[in-house]
Amino acid sequence: MALLDLLLVRHAESVGNQAREAAEAEQSDRIGIDERDPDVDLTGRGREQAEALGRRLAELPPDDFPTNVWASPYLRAQRTATIALATAGSQLDVQLDERLRDRELGQVDLLTRRGVHRLFPEEEQRRRHLGKMYYRPAGGESWADVALRLRSFLGEIDGTGTPSRVLVVSHDAVVLLVRYVLERMTESEVLDLASRQSVGNASITRLVRPEASAPWTVLQFGEDEHLTRFGAVPTEHGAERDVHPK
């Protein structure tokens with residue numbers, strides 16, 4: 001298939017999102033989650049966001065509705081995709097691919113920024129020196145590592161056959177780095193984008209191109225008006241300012 005229309009969706013609000021916000025507000029070092037990251041589920045508000053996403057998908061004209069759906073194997077992404085498709089009345093199967101998983105944080109997983117600064121000050125210094133793109137925490141991944149697996153995934157689904165429209169439900173870093181890959185951004189360009197706008201839960205980013213050899217055009221980025229329109233409360237996320245190397 002030739003990929004011509006790509007809808008990128010960040011999973012709806014998860015228990016992890018909620019726990020992180022609480023830990024940051026309480027100025028805690030650690031985020032209070034017992035589950036493995038792949039097993040973190042949606043909150044009640046997250047399920048409402050996923051339903052609102054489904055109602056937005058149901059509004060798409062038949063010629064714009066996805067022909068294939070892929071999701072991260074992490075539960076929060078799977079659940080978002082299945083709820084949205086059921087709400088939209090779609091019978092499409094959700095195909096899972098581990099290359100769409102969230103960035104792995106290794107040693108600093110489940111730590112707040114305060115926690116990293118207090119418990120692993122050398123990691124904080126290294127992150128500031130290298131910047132978001134190339135900083136790899138011990139046992140974890142850099143953004144460059146995530147981009148590498150996304151190049152593999154995108155190359156695999158972008159063949160030369162029937163034109164396709166694909167929905168991908170994944171994570172905020174994945175949405176940004178798919179744009180980085182498809183739009184052939186530089187490090188500075190993708191970091192500038194990350195510093196200006198966050199990718200909200202259950203938000204839609206859409207890229208299209210008229211033919212397989214044409215450049216991609218961004219029609220939407222982090223669009224979430226459907227949430228309030230269909231009665232779901234958006235999750236507030238601030239942009240990450242400190243992403244460039246220092």
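Which elements do the buried residues of α6 pack against?

1. Basis of the note. This is a predicted model, in which local features need pLDDT of at least 70 and side-chain atom pairs count only at pLDDT 80 or more, while totals for chains, interfaces and linings use all residues. Residues are numbered from 1 along each chain as its sequence is written, and side-chain values use heavy atoms, with hydrogens and water left out.

2. Helix α6 and its packing. The buried residues of α6 pack against β1, β2 (68-71), β4, α7 and α8; helices (H or I, at least four residues) and strands (E, at least two) are DSSP runs, numbered from the N terminus. The residues of α6 that are buried are Trp143, Val146, Ala147, Arg149, Leu150, Phe153, Leu154 and Ile157, where buried means under 20% relative accessible area, exposed over 50% and partly exposed in between, with a 1.4 Å probe and protein chains only. An α-helix has 3.6 residues a turn, so residues three or four places apart point the same way. The 15 residues of α6 should span 21 Å at 1.5 Å a residue, and its end C-alpha atoms are 21 Å apart, which agrees; the expected span is 1.5 Å times one less than the number of residues. At the start of the helix, a side-chain oxygen of serine 142 reaches to within 3.3 Å of the backbone nitrogen of alanine 144.

3. The nonpolar cores. A nonpolar core is taken as a set of buried Ala, Val, Leu, Ile, Met, Phe, Trp, Tyr and Cys residues joined through side-chain atoms within 4.5 Å. The largest such core has 34 residues, of which Leu6, Trp143, Leu154, Val168, Val178 and Tyr180 touch the most other members. Two or more residues come from each of β1 (2-10), α6 (143-157), β4 (163-170), α7 (172-182) and α8 (187-196), and α7 gives the most, with nine residues. Apart from this core lies another, of 16 residues, including Leu57, Ala77, Ala88 and Leu167.

4. Tyrosine 180 and valine 146. Contact here means heavy atoms within 4.5 Å. With neighbours within four places in sequence left aside, tyrosine 180 is in contact with Met133, Ala147, Arg151, Met185, Thr186, Glu187 and Val190. Valine 146, which lies in α6, counts as buried at 0% relative accessibility. Not counting residues up to four places away in sequence, valine 146 touches Arg103, Glu141, Val174 and Leu177; its C-alpha is 7.4 Å from that of valine 174, across 28 residues in sequence.

5. Glutamate 141. This residue is found in the loop between α5 (121-130) and α6, and at 8% relative accessibility it counts as buried. The side chains of glutamate 141 and arginine 101 are joined by a polar contact of 3.4 Å, that is, a pair of N or O atoms within 3.5 Å in which, within protein, one must be able to donate a hydrogen and the other to accept it, with residues adjacent in sequence counted only if both atoms are side-chain atoms. Among its contacts beyond four places in sequence are Asp102, Tyr135, Arg136 and Arg149.

6. The aromatic pair. Rings of Phe, Tyr and Trp (its six-membered ring) pair if their centres lie within 6.5 Å, with planes under 30 degrees apart counted as stacked, over 60 as edge-to-face and the rest as tilted; by this rule the count comes to one pair. The rings of tryptophan 70 and phenylalanine 153 have centres 5.5 Å apart and planes at 80°, so the pair is edge-to-face. Because tryptophan 70 lies in strand β2 and phenylalanine 153 in helix α6, the pair ties together parts that are 83 residues apart in sequence. Both tryptophan 70 and phenylalanine 153 are buried.

7. Strand β5. Five of the five residues of β5 (residues 204-208) are buried, so the strand is largely enclosed by the rest of the structure. Ile204, Arg206 and Val208 point one way, and Thr205 and Leu207 the other. Strands pair if DSSP finds at least two bridges between them: β1 and β5 run antiparallel and are joined by five bridges, while β5 and β6 (residues 217-223) pair in the antiparallel sense over four.
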